[in-house]
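Thanks for coming. I will take a few minutes to walk through one structure, and I will keep to one part of it.

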Amino acid sequence: MNAQVADFLRDILTRMDLKDCMIPSVSHAIIIILIILLALVGDIITKRLIVTIITAYVKRSKNQWDDVFLEKGVFNRLSHFAPALIVFYSIHFTFNQYQAGIAFIQAMTKIYMIIISLLVADSCLEALHEIYVNHPRFKN
């Protein structure tokens with residue numbers, strides 16, 4: 001954990017008359033909860049704000065291809081990267097003295113991002129297939 005953050009939490013928890021042996025565990029739990037909340041905020045921002053803006057732009061455009069990508073969920077699936085990246089890059093604040101913990105959580109986050117990448121690729125291929133099938137040149 002960052003020294004400044006650790007000192008700040010230690011001061012707060014000491015003022016709350018928490019036993020010295022419990023301070024590291026409670027401060028780790030607080031940081032983990034904050035990372036989860038930050039990831040949820042990132043998810044809400046990307047899903048509600050960015051995907052909504054992209055959806056509005058796609059619906060106003062004259063191009064039909066982007067409508068197919070929106071319909072197939074490409075942008076929605078891309079929004080799942082935000083919380084994963086937040087967890088991936090902020091987890092070292094909690095487990096910096098536990099390198100195995102960092103490695104494990106980052107490995108799980110990488111697996112999650114690989115799965116998201118595969119789902120995005122699948123959505124893109126489905127959209128491209130639909131565009132190909134509905135294109136007048138390739139009807140017959």
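This is a predicted model: local features need pLDDT of at least 70, side-chain atom pairs count only at pLDDT 80 or more; totals for chains, interfaces and linings use all residues.

F88 and Y89 form an aromatic pair. Their ring centres are 4.9 Å apart, with 90° between the planes, and the pair is edge-to-face. The count of aromatic pairs comes to one.

Now the helix around them. Helix α5 covers residues 81-90. Its buried residues are F81, A82, P83, A84, F88 and S90. Which helices do these buried residues pack against? They pack against α2, α4, α6 and α7. In residue numbers, α4 is 74-78, α6 is 92-95 and α7 is 99-134. I will take α2 and α7 in turn.

A general point before that. Two packed helices are described by the angle between their axes and the distance between the axes.

First, α2, which covers residues 23-60. The axes of α2 and α5 come within 8 Å, and the crossing angle is roughly 150°. The two helices are therefore roughly antiparallel, since the cut-off for that term is over 145 degrees. The crossing of α2 past α5 is right-handed. On the α2 side, the residues in contact are I35, L38, A39, G42, D43 and T46. On the α5 side, they are A82, P83, I86, V87 and S90. Sorted by class, this contact has seven nonpolar, three polar and one charged residues.

Next, α7. Here the axes of α5 and α7 come within 9 Å and cross at roughly 160°. This pair, too, is therefore roughly antiparallel. The handedness here is left: α5 passes α7 in a left-handed crossing. From α5, the contact takes in F81, A84, L85, V87 and F88. From α7, it takes in I105, Q106, T109, K110, Y112, M113, I116 and S117. By class, that makes nine nonpolar, three polar and one charged residues.

T109 has 8% relative accessibility and so counts as buried. Which residues does T109 contact, leaving aside its neighbours within four places in sequence? The answer is A84, V87 and F88. On spacing in helices, an α-helix has 3.6 residues a turn, so residues three or four places apart point the same way.

F93 is in helix α6 and, at 34% relative accessibility, counts as partly exposed. Between F93 and I36 there are 57 residues in sequence and 13 Å in space, C-alpha to C-alpha. D122 is in helix α7, and at 34% relative accessibility D122 also counts as partly exposed. D122 and T14 are 108 residues apart in sequence, and their C-alpha atoms are 51 Å apart in space.

To recap, α5 is roughly antiparallel to α2 and roughly antiparallel to α7. The crossing with α2 is right-handed, and the crossing with α7 is left-handed. That is all I have.

Key. Residues are numbered from 1 along each chain as its sequence is written. Side-chain values use heavy atoms; hydrogens and water are left out. Axes are lines fitted to C-alpha atoms, for helices over the stretch in contact, and angles run from 0 to 180 degrees between N-to-C directions. Helices (H or I, at least four residues) and strands (E, at least two) are DSSP runs, numbered from the N terminus. Angles under 35 degrees count as roughly parallel, over 145 as roughly antiparallel, 65 to 115 as roughly perpendicular and the rest as oblique. A crossing is left-handed if the near helix is turned anticlockwise from the far one by less than a right angle, and right-handed if clockwise. Contact means heavy atoms within 4.5 Å. Ala, Val, Leu, Ile, Met, Phe, Trp, Tyr, Cys and Pro count as nonpolar, Asp, Glu, Lys and Arg as charged, and the others, Gly among them, as polar. Rings of Phe, Tyr and Trp (its six-membered ring) pair if their centres lie within 6.5 Å; planes under 30 degrees apart count as stacked, over 60 as edge-to-face and the rest as tilted. Buried means under 20% relative accessible area, exposed over 50%, partly exposed in between (1.4 Å probe, protein chains only).
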